[in-house]
Amino acid sequence: MKICVLSCSPKGETSLTLQTINFLKKYYPDDEFIVHLTTKVTCEESVIDCACESDLIMILSSIFHLNVHSQMMSMLDQLAAGMKAKLGDDINKKFFTYITSSNFLYDVGAHKYVSRWIEGEKLNGLRFLSLKDDSMLTETGREEVYRWFQYTKETIDIRRTGNVPQVTEKRRVAIINAGLAASTVDKVANLYKARGCDVECFNLDEYKIAPCTACFACYSNRICCMKDDFVDLVDKIGTGTDLLVNLGNLKYGMLGQKYKTYIDRHVQFGRAGTGDETINISFVESDEDTEARMKSMYDFTQWEEATVGIGRCYVAGTHYLRIKDQEFDITSQVNDTILIMNNELIGQRNFFSETLNTRFAELANHLQIMCPIDYAHYKKEGYYKPQLMNTNVRYIDDLKGGQMACKMRLMPYNMTLNGEGTTPKLTKRRKYRDMSYVEHLRKGDGDEGKAEKGGFLGLFGKKK
């Protein structure tokens with residue numbers, strides 16, 4: 001596959017985001033990556049020609065004031081106009097994607113800007129990739145880049161051929177119905193069954209789930225004092241499940257009170273998640289007008305990424321069911337989740353979930369004895385390690401000094417790249433898929449899983 005890479009960072013060849021391409025070149029030697037440093041306001045003719053001749057246009061950039069930098073805005077408009085002038089309607093045969101390197105905290109605006117540019121120009125957009133500045137220096141970061149590009153190639157192939165992807169191994173899909181008609185649920189279920197999935201449906205109206213009373217009893221051992229259907233339902237839904245599909249009526253950016261009650265009761269399992277991963281996608285109906293509906297969908301997607309992202313779920317997105325006499329098409333979204341499952345794609349945490357994790361880590365530190373499992377989890381994650389001063393930082397007072405500092409940043413990337421094999425270390429997602437979902441959520445993953453039901457004694461030694 002021929003990939004036209006547009007590196008839009010003003011840092012040019014010293015861009016950290018551009019280093020991602022060096023790893024992809026090594027991991028995928030059969031693909032051709034043609035890099036253009038598009039740091040100017042104008043889009044050169046050679047760049048437009050390369051984009052027209054390529055299968056995939058891959059845009060890279062750093063973040064400026066929570067968005068893309070100003071030069072890139074003009075360049076994108078000229079790129080779209082130039083490609084349309086040369087290709088006409090054939091521009092829809094080209095695929096566009098976007099990669100950023102930041103700290104997750106800053107890239108939400110930039111990703112939204114580029115996605116709206118793709119939508120406004122009626123281009124063929126793919127899923128974006130959000131990386132931290134040092135992602136390529138970690139095993140998990142390199143694995144994520146590798147899997148993401150593999151998933152991107154498979155997505156392009158499916159969209160071109162129109163083939164129906166099948167699961168490559170046993171996969172279980174749990175459908176959580178928060179208010180839609182049985183016929184709608186059946187249609188969604190049948191789409192997944194046709195792709196080889198085991199499907200089970202759960203109607204929240206059929207279960208007795210009381211609202212959370214915020215008594216904080218579960219902070220110590222992750223066991224709720226209330227006795228109803230919730231624990232058994234969660235265990236049935238989660239154990240062995242690879243994909244959670246939420247169905248409901250979207251209003252005010254939420255899938256209704258019944259669904260929110262179900263989510264609220266998850267507080268008993270802690271804020272740290274399980275260390276395991278699942279995929280989460282939502283299909284919604286709405287009586288709101290188009291503008292309000294789209295805003296509500298965006299709000300709900302962000303809310304889902306904030307809440308389930310804490311548990312390391314991969315949010316495949318929120319999609320509107322245009323239901324009229326039960327005629328709706330979600331084939332592409334269903335196919336997308338099949339590719340994600342086959343690919344074992346690792347989920348990402350965005351701005352909201354990163355911020356929430358920091359706040360929950362502070363809370364766990366403040367209440368170490370009340371919530372020992374959460375505290376142990378965040379300690380293992382490195383939230384409580386003191387930040388050491390970097391004595392190698394030097395004062396910069398001219399352009400030459402800044403350019404030298406940018407070059408120095410690349411040294412660990414070059415060392416890592418030279419020592420890497422052709423394939424990064426790949427981990428198994430859902431390695432705990434067959435154990436009790438409830439017990440897994442209660443115990444967590446790793447060292448924090450050693451806590452006993454008696455509270456903090458399991459972590460800090462038994463009482464003598």
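1. Two strands are taken to pair if DSSP finds at least two bridges between them. By that criterion, strand E6 (residues 172-178) and E7 pair in the parallel sense, over six bridges, and within this pairing Arg172 has Asp198 in E7 as its bridge partner. The model in question is a predicted one, and the remarks that follow should be read with this in mind.

2. The pairing of E6 with E7 belongs to an open sheet of five strands, whose order is E7-E6-E8-E9-E10 and whose pairing is parallel. Strand E7 (198-203) and strand E10 (314-320) are the edge strands, each of them pairing on one side only, and from one strand to the next the twist averages 15°.

3. At the other end of the order given for this sheet, strand E9 (residues 279-285) and E10 run parallel and are joined by six bridges, with Ile281 having Gly317 in E10 as its bridge partner. Although E10 is an edge strand that pairs on one side only, six of its seven residues are buried, so E10 is largely enclosed by the rest of the structure.

4. A further open sheet is formed by five strands in the order E2-E1-E3-E4-E5, again with parallel pairing. Its edges are E2 and strand E5 (129-132), and because each has a single partner strand, one side of each is left without a neighbour in the sheet. Neighbouring strands of this sheet are turned against each other by 20° on average, direction ignored. E1 and E2 run parallel and are joined by six bridges, and Cys4 stands opposite Ile34 in E2.

5. Helices pack against this sheet, and their directions relative to individual strands deserve a note. Helix H1 (residues 19-27) packs on the sheet and touches E1, E2, E3 and E5, its direction making about 165° with that of E2. Helix H4 (residues 108-120) lies across E3, strand E4 (95-102) and E5, and runs at about 170° to E4.

6. Which residues of helix H2 (residues 45-53) are buried? They are Val47, Ile48, Cys50, Ala51 and Cys52, and what covers them includes strand E1 (2-7), strand E2 (32-37), strand E3 (56-61) and helix H3 (70-87).

7. The pair formed by helix H14 (residues 399-409) and helix H15 (residues 411-419) packs at an angle of about 25°, with the axes 4 Å apart; an angle under 35 degrees counts as roughly parallel, which makes H14 roughly parallel to H15. In this contact Lys407, Met408 and Arg409 in H14 meet Met411, Pro412 and Tyr413 in H15, and the residues of the contact divide into four nonpolar, no polar and two charged.

8. Where does Tyr262 lie, and is Tyr262 buried or exposed? Tyr262 lies in helix H9 (residues 256-264), and at 5% relative accessibility Tyr262 counts as buried, because the cut-off for that class is under 20% relative accessible area. Leaving aside neighbours within four places in sequence, Tyr262 is in contact with Ile176, Leu204, Ile209, Phe230, Leu233, Val234 and Ile237. The C-alpha atoms of Tyr262 and Ala178 are separated by 9.6 Å, while the two residues are 84 residues apart along the chain.

9. For the chain as a whole, the secondary structure comes to 17 helices and ten strands. The radius of gyration is 24 Å, close to the 23 Å that the globule rule gives for 464 residues, so the chain is as compact as a globular protein of that length. Taken along the principal axes, the C-alpha atoms fill a box of roughly 65 × 65 × 40 Å. Buried residues make up 50% of the 464 residues, and among contacts between residues at least 6 apart in sequence, 84% join residues at least 24 apart.

How values were computed:
Residues are numbered from 1 along each chain as its sequence is written. This is a predicted model: local features need pLDDT of at least 70, side-chain atom pairs count only at pLDDT 80 or more; totals for chains, interfaces and linings use all residues. Side-chain values use heavy atoms; hydrogens and water are left out. Helices (H or I, at least four residues) and strands (E, at least two) are DSSP runs, numbered from the N terminus. Axes are lines fitted to C-alpha atoms, for helices over the stretch in contact, and angles run from 0 to 180 degrees between N-to-C directions. Angles under 35 degrees count as roughly parallel, over 145 as roughly antiparallel, 65 to 115 as roughly perpendicular and the rest as oblique. Contact means heavy atoms within 4.5 Å. Ala, Val, Leu, Ile, Met, Phe, Trp, Tyr, Cys and Pro count as nonpolar, Asp, Glu, Lys and Arg as charged, and the others, Gly among them, as polar. Buried means under 20% relative accessible area, exposed over 50%, partly exposed in between (1.4 Å probe, protein chains only). The radius of gyration is taken over C-alpha atoms; the globule rule is 2.2 Å times the number of residues to the power 0.38.
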